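Here is a short report on one predicted model.

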Amino acid sequence: MAPWGYEKDNGPAHWHKDCPIANGKNQSPIDLINGEVKYDSGLKPLTAKYVPFSDAKFLNNGHSVQFQPSAGNGSELTGGPLAVKYNFEQFHFHWGNNDTEGSEHRVDGKMYPAELHFVHWNSTNPSFKDAVGSGGPNGLAVLGFFLKVGAENAALKPITDLIPKVKDAGTSVTVPSNFDMQAILPATLTDYYTYDGSLTTPPLAECVKWIVFKQPLEVSAAQMEAFRSVINRDGKPMGGNYRPPCPLHDRAVKTSFK
Ligand SMILES: CCCCNCC(=O)NCCc1ccc(S(N)(=O)=O)cc1
Ligand SMILES: [Zn+2]
């Protein structure tokens, strides 16, 4: 099989051949249906403590554009539904070729033009890879933020300004060390949906505690347009690099808000 992608011949409908878990009962993304979620007063606010990285790359890996530090630096996530500390691993994006599509999760069937994922791994594991393979829904914690078109996002500007430099698959650039990742996050990480799910790309491991924020982040039309010039391994626009929603099966989606 051609390496996995999002085209007709290698897209989400094909992934089960290499990754049979694609048809599992804890797959992501999902449609977050407000009439079916349940408020959980036990859900605490989340705390992300992100330390500026001295050595990080912004890269095009053929299916997304990704911020990837060379090593951990104590940046971590705690609280919310999480029982232990999770180490920051990377962040990346999913987007569409127009403003009506692009996000992976949906809210009452609505798609946003893009979705930003902050990936963290359970610090009781020796490494990220071990956390992915640790079995059960507590290996990774991924924060999902919807992006919508509006005001320019100053915190994301250092990253969106780098996009033209990683237009082609397999390219990367060094991220200036004064990049402040913490500034991307809202001041308080309240009002989120949380459920047990999976990676949304192969290997599709069912190892993720998903935390999807209700409030979208805003980016300017120019920032959104920058994503749409990124090219995949086939030389085609990467836009459309989102998996459609998967069945909820026997899972509950909890909310930190009423
Ligand atoms: C040679 C392959 C080795 C794989 N081993 C590395 C690996 O498992 N990588 C998967 C990394 C990943 C995928 C999808 C998400 S998402 N979109 O759910 O946040 C987050 C993280
Ligand atoms: Zn993702």
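D108 sits in the loop between β8 and β9. Strands here are DSSP runs of E with at least two residues, helices are runs of H or I with at least four, and both are numbered from the N terminus. D108 is not a glycine, yet its phi is positive, about 50 degrees. With a relative accessibility of 46%, D108 is partly exposed. The classes are buried under 20% relative accessible area, exposed over 50%, and partly exposed in between, using a 1.4 Å probe and protein chains only. D191 also has a positive phi of about 50 degrees without being a glycine. D191 lies in the loop between β11 (172-174) and β12, and is partly exposed at 31%.

Two cis peptide bonds follow. One runs from S28 to P29, with omega near 0 degrees; P29 belongs to the segment before β1 (31-32). The other joins P202 to P203, with omega near 10 degrees. P203 is in the loop between β12 (192-197) and β13. Most residues other than glycine have a negative phi, and most peptide bonds are trans.

## Basis of the model

The model is predicted: local features need pLDDT of at least 70, side-chain atom pairs count only at pLDDT 80 or more, and totals for chains, interfaces and linings use all residues. Residues are numbered from 1 along each chain as its sequence is written, chains are lettered from A and ligands numbered from 1 in written order, and side-chain values use heavy atoms, leaving out hydrogens and water.

H94 in strand β7 (residues 86-95) and H117 in strand β9 (residues 114-122) link distant parts of the chain, 23 residues apart. H94 and H117 are both buried.

The ideal tetrahedral angle is 109.5 degrees.

## Pockets

The largest pocket has a volume of about 430 Å³. A pocket is an open set of points on a 1 Å grid over the protein atoms alone, where a 1.4 Å probe fits and protein lies on both sides within 12 Å along at least five of seven lines; lining residues have an atom within 4 Å of a point. Volume is the space filled by probe spheres set on the points, which are joined across faces, edges and corners. The lining has 24 residues, with Q90, H92, F128, L199 and T201 nearest the centre. Strand β7 gives the largest share, 4 residues. By class, the lining holds 11 nonpolar, 11 polar and 2 charged residues. Nonpolar means Ala, Val, Leu, Ile, Met, Phe, Trp, Tyr, Cys and Pro; charged means Asp, Glu, Lys and Arg; the others, Gly among them, are polar.

The second largest pocket has a volume of about 270 Å³. Of its 18 lining residues, W4, G5, N10, G62 and N232 are closest to the centre.
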